Amino acid sequence: MGGRVRARWAVAALGCTGLLCAVLGAVMIGTLPAITRQQVYKNVRIDPSSLSFGMWKEIPVPFYLSIYFFDVINPKEILQGKKPEVQERGPYVYREFRHKSNITFNDNDTVSFLEYRSFQFQPDRSRGSESDYIVMPNILVLGASVMMENKPMALKLLMTLAFSTLGERAFMNRTVGDIMWGYEDPLVHVINKYFPSMFPVKGKFGLFAGLNNSDSGLFTVFTGVKDFSRVHLVDKWNGLSKVNFWHSDQCNMINGTSGQMWAPFMTPESSLEFYSPEACRSMKLIYQEEGMFEGIPIFRFKAPNTLFASGTDYPPNEGFCPCLRSGIQNISTCRFNAPLFLSHPHFYNADPVLAEAVLGLHPNETEHSLFLDIHPLTGIPMNCSVKLQLSLYIKSIKGIGQTAQIEPVVLPLLWFEERGAMEGEPLRTFYIQLVLLPKVLHYAQYILLALGCVLLFIPVVYQLRSQEKCYLFWSSSKKGSQDKEAMQAYSESLMTSAPKGTVLQEARL
């Protein structure tokens, strides 16, 4: 009797446990997606209480800036009108350190900040040293010459005399360190002395001199605390809601984010848009494919073919023109009117005429295309590689002897790659909290529901079997009672005596 009671209690306990598991699993299936969205909303906005705030303030991803120079092999022949020939040198790799300062939260759901950058040379990652010599076009001479093309002849002859007096030539042979971070140039000193407002450089002249230990401008972006639909979007840059470098309102618009984080819950229809102070414009990347990065699901975004297309090939880009060729962007209006052009490295995805005009260029998608890998649930970059090339338009200018017989050509100066990938402890933390834990919860909800159904099935089976045993016992008991009564009646009939008359009658017979 005691065993039956214990069995009933055990079955009841299993039934209650099963009901609890089934209810919990069903509740998780119904509410977990909403809870996940709520937690993502809460933790990707720019707020000191959010989990991603520390990552936004001090980017934990190590960034590296790799520089590839185009060493000019035949400078004398170029001056004689021959086709330029270059040899790629590098990479010269620098560790890039970033940190935000002057963080100010405003009343209109925005935050303003300055992001400072500094660079440190990495000999172990580089192919060469900063003391390597590179032959390059003299940007001050050749750039200024093109800018003076339509000026009076007397002014151009005066410039030729000044170049000769100062020892300036069309091509220069300088070290990587000088080209990157600046060198003393007598021409710069003369310009600053007699024309102080003409040239923005006040000292050493270098292609990256203004980037080291400097900020990229005052960004004001939406925090997403009050209106999450605008999270990370740029409200203003240096107090401007649009720039005035270009020739159309569309091209002057400041769109997208500051290029560090994007809105969560991305789909293949999403795009990545950001404002780049270095390019003086907004850029949009498009979805390419789905993939994995160190076990973390990502969407890869790439540059569309229209990013640097000419206005003829892509009318919305007309505001960036005048365009020499499709595939290169004239950035002279935001670079002191110097004839500088931005493009993909080796003129990848540009008019083939550009690469054919310079010997030594070999454009290909694998080495020269840019991409960003984004975790679609949070909008946080996992891996990125931004590659761009800087080129100088050079030609012979009548009246300026230093330009000799140079044929018009867009000559590459260098291309660079900014690369960063999440690694180490930040990567492990990200994987556990945003990949592993959600995955465990996802499977747990269905396991709980299935386990609950199985446990609920046990009391049902037990009850059915109990009813079956009771029926069999009742049936066998009833049948036994009827047989017993029949046997008793039969026995009584045998034991009962016959009447005398009957016996005598039988005897007579």
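V27 is partly exposed, with a relative accessible area of 42%; buried means under 20%, exposed over 50% and partly exposed in between, using a 1.4 Å probe and protein chains only. The model is predicted, so local features need pLDDT of at least 70 and side-chain atom pairs count only at pLDDT 80 or more, while totals for chains, interfaces and linings use all residues. Residues are numbered from 1 along each chain as its sequence is written, and side-chain values use heavy atoms, leaving out hydrogens and water.

**Surface patch**

- V27 sits in helix α1, residues 2–44; helices (H or I, at least four residues) and strands (E, at least two) are DSSP runs numbered from the N terminus.
- Together with L19 and V23, V27 forms a nonpolar surface patch of about 250 Å² accessible area.
- Patch residues have over 30% relative accessible area and no salt bridge; like charges are joined within 9 Å, and nonpolar side chains (Val, Leu, Ile, Met, Phe, Trp, Tyr) within 5 Å.
- Accessible areas come from the Shrake-Rupley method with a 1.4 Å probe, and for residues only the protein chains shown count as cover.

**Nonpolar core**

- The largest nonpolar core has 108 residues, and I67, F69, Y94, L272, L285, F347 and M382 have the most contacts inside it.
- Strand β14 (residues 380–394) gives the most to this core, with 8 residues.
- Such a core is a set of buried Ala, Val, Leu, Ile, Met, Phe, Trp, Tyr and Cys residues joined through side-chain atoms within 4.5 Å.
- Leaving aside neighbours within four places in sequence, F69 is in contact with residues including Y92, I134, M136 and L413; contact means heavy atoms within 4.5 Å.

**Two buried polar residues**

- H232 lies in the loop between β6 (214–222) and β7 (234–237), and it counts as buried at 4% relative accessibility.
- A polar atom of the H232 side chain lies 3.1 Å from the backbone oxygen of V44.
- Not counting residues up to four places away in sequence, H232 touches V44, I46 and W262, among others.
- D47 is in the loop between α1 and α2 (53–57) and is buried, with a relative accessible area of 17%.
- The side chains of D47 and S49 are joined by a polar contact of 2.2 Å.
- A polar contact is a pair of N or O atoms within 3.5 Å; within protein, one must be able to donate a hydrogen and the other to accept it, and residues adjacent in sequence count only if both atoms are side-chain atoms.
- Leaving aside neighbours within four places in sequence, D47 is in contact with F53 and V225.

**Salt bridges**

- Side chains of opposite charge can pair when their charged atoms come close.
- The structure holds 11 salt bridges, each a side-chain nitrogen of Lys or Arg within 4 Å of a carboxyl oxygen of Asp or Glu.
- R117 and E278 form one of them, with the closest N and O atoms 2.9 Å apart.
- This pair links distant parts of the chain, 161 residues apart: R117 is in strand β3 (residues 110–121), and E278 is in the loop between β8 (271–276) and β9 (281–293).
- R117 is buried at 7% relative accessible area, whereas E278 is partly exposed at 30%.
- K242 and D249 meet in a salt bridge of 3.5 Å, N to O; K242 is partly exposed at 42%, and D249 is exposed at 54%.
- E96, R98 and E418 are linked in a network of salt bridges.
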